[in-house]
Amino acid sequence: MNVSIILAAGEGTRMKSDMPKVLHKVAGKAILSYVVDNCIANAMDKTVVIVGHKKADVMDYFKDAPLTFIEQTMGEGVPYGTGYAVYCAMDEFSDEDKVYILTGDTPLFKEETIARFRAYVESHDFDACVLTAVVSDPFGYGRIIRDQDSTIAGIVEEKDATDKEKAITEVNTGIFAFTGRALKENIGNLSSNNNQSELYLTDVIQMLKDDGKKVGGFTICDEEEMLGVNSRVQLAACEKIMRRRINKYHMENGVTFLDDASTLIDSGVKIGRDTILGPSIHLVGETTIGEACVIQGASRIVDSTVADGAVIDSSVVEKSVVGSGVTMGPYAHLRPNCVLEENVHIGNFVEVKNSHIGKGTKAGHLAYIGDGDVGENVNISCGVIFCNYNGKEKFRTTIGDNAFIGSNVNLVAPIAIGEGAFIAAGSTVSKNVEDGSLAVERSEQRMIPGWNRRKDS
C-alpha cells in the first residue's frame with residue numbers, strides 16, 4: 001500500500017496571522033489543498049495529515065476530504081521537528097507499505113512531478129529516496145551529500161553545515177519516500193542533539209547509510225516547484241508563480257489574455273476557447289466561462305457559470321448563472337442566486353438579486369431587480385425598483401412575458417404583472433395588473449399660475 005504523510009502542524013509564526021499557515025490561499029485555493037490534491041491525483045491509498053496549531057480549523061476545512069488526521073502534540077518538553085511529526089503517524093502504516101512524506105506548505109509541486117518521483121521509487125529497490133533540486137541559491141535548505149556511486153550519503157541542515165557543505169547547490173525539497181520498515185526501525189532512534197534541538201527526519205537517511213542501506217535521489221529541474229510558504233513575502237511569490245501557470249494553461253487551450261499580468265484566474269476556473277479576457281479581470285472560485293465570451297473592464301466573477309457568447313463589461317457576478325448571448329454592464333451587479341436566460345441585457349448600474357430573468361428581457365440602466373421572476377422579452381426601463389422588503393420580510397415580484405415597465409416605476413411586492421401589461425412611467429403599483437392592461441398610478445397634476453412672481457415677493 002502507498003501511504004502519504006503530509007506535515008501540516010506548524011504554527012507559521014512569520015506569517016503573523018491568526019489563520020493556520022496551510023489555510024492561506026494561493027490563487028484562491030488553500031496551500032494545503034494543493035498538496036492533498038497531489039496525493040489524491042497520484043492514487044495514494046491513504047493520506048495522513050499531521051496537524052497541530054489550530055488543528056480544528058484545518059480539520060474542519062478538509063472535513064469532506066478522504067484524509068486521516070493525526071495530532072502532533074505540542075508543549076514544553078515535546079521534541080519538535082519533522083522527525084517527531086512523522087513519528088506521530090507510525091501506527092498509520094505497516095512495514096510493507098511505501099511511505100511518502102510531503103510538506104503541507106509547498107503548493108507548487110506539480111502532479112506530474114510527484115508521479116515521476118513515485119515511478120522512480122517504484123522502479124528501484126531503495127530503502128529511502130529523496131526528491132532533490134539543484135538551485136541557484138541554496139541558503140536555508142538542507143544540502144544533499146552524494147556518494148561516489150551517486151546515491152545519497154546524507155542531508156546536512158543549513159545551521160549544521162560546514163562552509164564547504166554550504167557551497168553545495170543540490171538541496172532537499174522536503175519530499176521523501178521510505179519503506180515502512182526503514183521508518184519504523186530508525187525513527188525511534190532520532191536525537192535532538194543539533195543546533196535546533198529538534199528531531200530531523202533527514203537524520204534517518206544517515207542512519208540508513210550507516211546501516212549499509214541504499215538511499216536514492218531523484219532530481220527535478222524546476223527549482224520553483226520546491227518553494228514553500230513561511231512568510232507573506234513567500235506567499236506572494238508562490239501566488240505570482242501559480243497565477244502565471246494558470247494563465248499559461250488557459251492561453252495554451254485557446255483563451256486570449258489582453259494583459260495576462262493583470263488578469264487573475266483562480267485554480268478551479270474553467271474557460272472555453274476563443275474567450276477574450278481584458279485587463280484586470282478576476283475569475284474566482286468554481287467559475288466556468290463558456291466559449292467566445294468577452295469579459296472586460298475590471299470585471300469580477302465569483303462561483304458562477306457564464307454561457308457561450310456572453311459579453312460582460314466592468315461588472316460583478318456572484319454565485320449566478322449567465323445565459324448565452326447575455327450582455328452586461330458597464331457597472332452591473334448580479335448578487336447571488338440569479339439566473340439570466342439567453343440574450344438578456346443588464347445595462348449600466350443595474351443590480352439584480354435572487355431573481356430569474358427570461359429570454360430577451362432588457363433592463364438598460366439604473367434599476368433594481370430583487371426577488372423577481374421576470375418573463376421573456378420584458379422591458380424594464382430606467383429607474384425601476386422592485387420594492388421587495390418591508391423591513392421584516394422579503395416578497396417576490398412576478399412579471400409576465402412581453403410586459404413593459406416604464407421609467408421610475410416602483411413595484412411593491414408581493415405583486416404580479418400580467419403578460420403584455422404596461423405600467424406607466426412614474427407609477428407606484430401595489431396591486432396585481434391583469435394581462436394586457438395599462439396601469440397608471442399618479443396624482444393629478446396641478447397648475448398654479450404666477451407662482452414664479454409670488455415666490456419672489
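Biologist: Which residue follows α8?
Modeller: In this predicted model, local features need pLDDT of at least 70 and side-chain atom pairs count only at pLDDT 80 or more, whereas totals for chains, interfaces and linings use all residues. Residues are numbered from 1 along each chain as its sequence is written, and side-chain values use heavy atoms, with hydrogens and water left out. Helices (H or I, at least four residues) and strands (E, at least two) are DSSP runs, numbered from the N terminus. The residue that follows α8 has a positive phi, near 100 degrees, and is Gly-254.

Biologist: How many Å apart are the end C-alpha atoms of α8?
Modeller: The helix comprises residues 232-252. An expected span is 1.5 Å times one less than the number of residues in the helix, and for the 21 residues of α8 this gives 30 Å. The model agrees with that expectation, because the end C-alpha atoms are apart by 30 Å.

Biologist: Is Asn-247 buried or exposed?
Modeller: Asn-247 belongs to helix α8. Leaving aside neighbours within four places in sequence, Asn-247 is in contact (heavy atoms within 4.5 Å) with Phe-257, Asp-260, Thr-263 and Ile-265. Buried means under 20% relative accessible area, exposed over 50%, and partly exposed in between (1.4 Å probe, protein chains only). At a relative accessible area of 2%, Asn-247 is therefore buried.

Biologist: On which side of α4 do its buried residues lie?
Modeller: The buried residues of α4 are Thr-113, Ile-114, Phe-117, Arg-118 and Val-121. Because they cover an arc (of the directions from the helix axis to the C-beta atoms) of only 135 degrees around the axis, these residues are on the same side.

Biologist: Which elements cover the buried residues of α4?
Modeller: Helix α4 runs over residues 111-122. The cover for its buried residues includes a helix, α1, and several strands. Those strands include β1, β6, β7, β10 and β11.

Biologist: How many residues apart are Lys-21 and Asp-105, and which parts of the chain hold them?
Modeller: Their side chains meet in a salt bridge, at 2.9 Å from N to O; the term denotes a side-chain nitrogen of Lys or Arg within 4 Å of a carboxyl oxygen of Asp or Glu. The pair links distant parts of the chain, with Lys-21 in the loop between β1 and β2, Asp-105 in the loop between β6 and α4, and a separation of 84 residues.

Biologist: Is Asp-371 buried or exposed?
Modeller: Asp-371 forms a salt bridge with Arg-396, with the closest N and O atoms 3.9 Å apart. Lys-353, Asp-371, Asp-373 and Arg-396 are linked in a network of salt bridges. Arg-396 is partly exposed because its relative accessibility is 32%. Asp-371 has a relative accessible area of 4% and is therefore buried.

Biologist: About how much accessible area does the nonpolar patch of Phe-404, Phe-422, Leu-438 and Val-440 have together?
Modeller: Patches are made of residues with over 30% relative accessible area and no salt bridge, like charges being joined within 9 Å and nonpolar side chains (Val, Leu, Ile, Met, Phe, Trp, Tyr) within 5 Å. Areas come from the Shrake-Rupley method with a 1.4 Å probe, and for residues only the protein chains shown count as cover. One member, Phe-422, lies in strand β37 and counts as partly exposed because its relative accessibility is 43%. Together the four residues have an accessible area of about 400 Å².
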